[in-house]
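Thank you all for coming; I would like to walk you slowly through one protein model today. Please keep the structure in view while I talk, and stop me if you lose your place.

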Amino acid sequence: LSEFLRTFLLFSIFRDKLLPILNIKGEAGSGKSFLARLLGQVMFGLSFDVSNDFTSLDDFKAALCNSLMLAWDNVEKLERQAINLLCTCVTGGKLEKRKLFTTNEVAKYDPRCLLVLTSRTDEFMQKRPDLSTRCLPLQLTPFESTTEGVNSPEEVKLLRKDFWSHFLSEAPLILRRLKASRSNGKKYRSRLADFFAFGARINGD
């Protein structure tokens, strides 16, 4: 995995609440779905798969609240309510829904899932800077051949083993670096400042 993706996955492990959305962009054949699925399989096992469009807002809410990771594949457009839900998740808010068979009782849910969106472009979020400024963009280019990348469950298992082996060996050092300094002194003018500061701190910058 690249240093960028490694930092993203590590941040998802060590974070408190806030976590940016990874937006994987690229043309057809660039491996967007493949990469989103691979990240989920590295983190949570080979049974992980990407999700396609949701039939209702309630289905989307349920997925956000009950998934360790949600990879929404081939997003072309987002309704205002779906964008609001994503922004709520990224900022550490709670999702609310009226309890069944009640008049005015509200249930609150704490979505904690790792969020990945794949798309050809980011046009669907251009009118909503509150979402676009909370996304980490990753642009892919089409594979030059169909044999590139990880191609079998055995290779995924090896990559998963390698990631978690490195994590277990690095975790004490990362914890020491995080404990030693709450900040590296740099100022990041971004809603993703926590992510960038975390990357600098774990890498000793």
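Predicted model: local features only at pLDDT ≥ 70, side-chain atom pairs only at ≥ 80, totals over all residues.

**An enclosed helix, and what surrounds it**

Let me begin with helix α7, residues 193–202, which is largely enclosed by the rest of the structure, because eight of its 10 residues are buried. The buried residues of α7 are A193, F195, A197, F198, G199, A200, R201 and I202. What covers these residues? The cover includes helix α1, strand β6, which spans 135–139, and helix α6. After α7 comes G204, and the phi of G204 is positive, near 75°.

Read from the N terminus on, the elements follow the order α-β-α-α-β-α-β-β-β-α-β-α-α. Of the 205 residues of the protein, 44% count as buried. If we take the contacts between residues at least 6 apart in sequence, 71% of them join residues at least 24 apart.

Let us turn to the sheet. Strands of a sheet pair through backbone hydrogen bonds, and this pairing is either parallel or antiparallel. Here we have an open sheet of four strands, in the order β2-β5-β1-β6, and the pairing is parallel. The edges are held by β2 and β6, each of which has a single partner strand, so one side of each is left without a neighbour in the sheet. On average, and ignoring direction, neighbouring strands of this sheet are turned by 20° against each other.

Strand β2, residues 69–72, runs parallel to strand β5, residues 114–119, and four bridges join the two. Strand β1, residues 21–25, also pairs with β5 in the parallel sense, over four bridges. If you find L117 in β5, you will see that W72 stands opposite it, and that N23 stands opposite L117 as well.

Next, the packing of the helices. Two packed helices are described by the angle between their axes and the distance between the axes. The axes of α1, residues 3–14, and α6, residues 153–180, come within 12 Å and cross at roughly 65°. That angle makes α1 roughly perpendicular to α6, and the crossing of the two is right-handed. On the α1 side, the residues that meet α6 are R6, L9, L10, I13 and F14, while α6 contributes F163, W164, F167, E170, I174, L175 and L178. The residues of this contact divide into 10 nonpolar, no polar and two charged.

Helix α1 also packs against helix α2, residues 32–44, at an angle of about 45° and with the axes 12 Å apart. That makes α1 oblique to α2, and this crossing, too, is right-handed. The contact is made by L5, L9, S12 and I13 of α1 together with L35, L39 and M43 of α2. The residues of the contact of α1 with α2 divide into six nonpolar, one polar and no charged.

While you are looking at α6, please find V156, which is part of that helix. With a relative accessibility of 8%, V156 counts as buried. How far apart in space are V156 and Q41? Although they are 115 residues apart in sequence, their C-alpha atoms are 7.4 Å apart.

Let me finish with two loops. Most residues other than glycine have a negative phi. N74, although it is not a glycine, has a positive phi of about 55°, and you will find N74 in the loop between β2 and α4, the latter spanning 80–90. At 41% relative accessibility, N74 counts as partly exposed. F101 is another residue other than glycine with a positive phi, in this case near 65°. F101 lies in the loop between β3, at 95–98, and β4, at 106–109. Is F101 buried or exposed? Its relative accessibility is 84%, and it therefore counts as exposed.

Note on methods: Residues numbered from 1 in each chain as written. Heavy atoms only, no water. Axes fitted to C-alpha atoms, helices over the stretch in contact; angles between N-to-C directions. Parallel < 35°, antiparallel > 145°, perpendicular 65-115°, else oblique. Left-handed = near helix turned anticlockwise from the far one by under 90°. Contact = heavy atoms within 4.5 Å. Nonpolar A, V, L, I, M, F, W, Y, C, P; charged D, E, K, R; others polar. Buried < 20%, exposed > 50% of the residue type's maximum accessible area, 1.4 Å probe, protein only. Pairing = 2+ DSSP bridges.
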